[in-house]
Amino acid sequence: VTGMLTTLLRAAAGAVYPAHEHGGLEQVYVIDGDMRFDDHMLDTGDYEVSAGETRHSAISTEEGCLALIIHSPHDKVFPE
């Protein structure tokens, strides 16, 4: 009904996801592990909401992570 996507993301230790722009509201809940951005970090149990048309730096993980992400299918990825 909303057109949003729900993704269960599992990333191995050392993985990197490229910088991206949100095509709509994004919600992230870190079930386990860590997600590191240029300006902040999310750990197990952290929840973050980002508005549409905002950008995130590349995201990396030291320990690996499992995260639930609700996001727009119109997100734009900027390969490095």
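Student: Which residue stands opposite Q27 in β6?

Tutor: V49 stands opposite Q27 in β6. This is a predicted model, in which local features need pLDDT of at least 70 and side-chain atom pairs count only at pLDDT 80 or more, while totals for chains, interfaces and linings use all residues. Residues are numbered from 1 along each chain as its sequence is written, and side-chain values use heavy atoms, with hydrogens and water left out.

Student: What other strands pair with β4, and over how many bridges?

Tutor: β4 and β9 pair in the antiparallel sense over six bridges, and V28 has I69 as its bridge partner in β9. Three bridges join β4 to strand β5 (residues 41–43), again antiparallel. In β5, D43 is the bridge partner of D34, and a hairpin of four residues joins β4 to β5.

Student: What makes β7 and β10 edge strands?

Tutor: The open sheet of three strands has the order β7-β3-β10, with antiparallel pairing. The strands β7 (55–56) and β10 (76–78) each pair on one side only, and this makes them the edges. Two bridges join β3 (residues 19–21) to β7, and H20 stands opposite H56 in β7.

Student: Why is the contact between R55 and E21 called a salt bridge?

Tutor: A salt bridge requires a side-chain nitrogen of Lys or Arg within 4 Å of a carboxyl oxygen of Asp or Glu. In R55 and E21 the closest N and O atoms are 3.3 Å apart, so the pair qualifies. The pair links distant parts of the chain, with R55 in strand β7 and E21 in strand β3, 34 residues apart. By this rule the count comes to four salt bridges.

Student: What else does E21 form a salt bridge with?

Tutor: E21 also forms a salt bridge with K76, the closest N and O atoms being 4.0 Å apart. This pair joins strand β3 to strand β10 across 55 residues. K76, at 48%, counts as partly exposed.

Student: How do you know that D34 and R36 form a salt bridge, and is each buried or partly exposed?

Tutor: The side chains of D34 and R36 meet at 3.2 Å, N to O. D34 is buried because its relative accessibility is 0%, while R36 is partly exposed because its relative accessible area is 25%. Elsewhere, salt bridges that share partners join E21, R55 and K76 into one network.

Student: What makes a space a pocket rather than a cavity?

Tutor: On a 1 Å grid over the protein atoms alone, a cavity is a set of points where a 1.4 Å probe fits but cannot get out; a pocket is an open set with protein on both sides within 12 Å along at least five of seven lines, and lining residues have an atom within 4 Å of a point. The largest pocket has 26 lining residues, with L9, Y17, M35, I59 and I69 nearest its centre.

Student: What classes of residue line the largest pocket?

Tutor: The lining has 14 nonpolar, eight polar and four charged residues. Ala, Val, Leu, Ile, Met, Phe, Trp, Tyr, Cys and Pro count as nonpolar, Asp, Glu, Lys and Arg as charged, and the others, Gly among them, as polar.

Student: Why is Y17 called partly exposed, and which residues does Y17 touch?

Tutor: Y17, in strand β2, has 42% relative accessibility and therefore counts as partly exposed. With contact meaning heavy atoms within 4.5 Å, Y17 touches A58, I59 and V77, not counting residues up to four places away in sequence.

Definitions and conventions:
Pairing = 2+ DSSP bridges. Buried < 20%, exposed > 50% of the residue type's maximum accessible area, 1.4 Å probe, protein only.
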